[in-house]
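Hi,

Here is the structure for you to look over. My notes follow below it.

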Amino acid sequence: MDGGGAAYNPRTPEEVFRDFRGRRAGVVKALTTDVETFYQLCDPEKENLCLYGLPNETWDVTLPAEEVPPELPEPALGINFARDGMDERDWLSLVAVHSDAWLLAVAFYFGARFGFDKEARKRLFTMINNLPTIYEVVTGTAKKLSQEKTPNSSSKSNKPFAKHQTKNSKAPPQKDFDESGEEELEEDEDEHGNTLCGACGDNYVNDEFWICCDVCERWFHGKCVKITPARAEHIKQYKCPACSNKRARA
């Protein structure tokens, strides 16, 4: 497995970040929306397996690279052997931590290979650090952190979107007004901007369709969980893929 590096060699901090973000998105999908498929592929009876995130936002569970040394740093080896010996949530969290370490290794491998100077490395790290880690997304820590950053207000809910909206709806909510009658746009933007998708971990962007899971109360891009606004109108209680899969295995 070449980790998707053979056909694409990013040479600037911005290109490396795009590569990082694509690989990260793939791994997040494996551990959240595609978790049932990922779980089944990690059969302990198979040989050492690795979880690869690819630049095109997909993922793969396969054997490690045969060449020594490999073209790119390799993910954690043998993730399948621990699957049945741990609580599922703990196992997914462990895979997430190792995936975070692997993504950083790949990003800074490119940085070293193409001679990034101090400022370029700092710029790359800053872009990476602005995203929640995979571990934070998988464990729900990212959601908790975003809620802690959102200032409390008597006129606003601590939920990502206002209470008068149904959960299966488009955001943002109707505009709020302060006592002077002026719209509180800046505060709204900050509040919604701290909301993170439970699947990809990206922030809310204005006019995107999001949906909230009625079980875990995490918010998701409609496109990440394959729910359209029209379909959401007919859903009485929405369960995200992770919550649906937990119930099915139980």
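This is a predicted model: local features need pLDDT of at least 70, side-chain atom pairs count only at pLDDT 80 or more; totals for chains, interfaces and linings use all residues.

How are helix 3 and helix 4 oriented to each other? They are roughly antiparallel (angles over 145 degrees), because their axes cross at roughly 155°. Those axes come within 11 Å. Axes here are lines fitted to C-alpha atoms over the stretch in contact, with angles from 0 to 180 degrees between N-to-C directions.

Residues are numbered from 1 along each chain, and side-chain values use heavy atoms, without hydrogens or water.

Helix 3 contributes Leu104, Ala107 and Phe108 to the contact (heavy atoms within 4.5 Å). Helix 4 contributes Arg121, Leu124, Phe125 and Ile128.

Now the cores. The largest nonpolar core has 38 residues. A core is a set of buried Ala, Val, Leu, Ile, Met, Phe, Trp, Tyr and Cys residues joined through side-chain atoms within 4.5 Å; buried means under 20% relative accessible area (1.4 Å probe, protein chains only). Leu31, Phe38, Leu51 and Ile134 have the most contacts inside this core. Helix 3 gives the most to this core, with nine residues.

Leaving aside neighbours within four places in sequence, Ile134 touches residues including Arg24, Leu31, Asp100 and Leu103. Another core lies apart, with 18 residues, among them Tyr204 and Cys213.

Best wishes

Technical notes: Helices (H or I, at least four residues) and strands (E, at least two) are DSSP runs, numbered from the N terminus. Angles under 35 degrees count as roughly parallel, over 145 as roughly antiparallel, 65 to 115 as roughly perpendicular and the rest as oblique. Buried means under 20% relative accessible area, exposed over 50%, partly exposed in between (1.4 Å probe, protein chains only).
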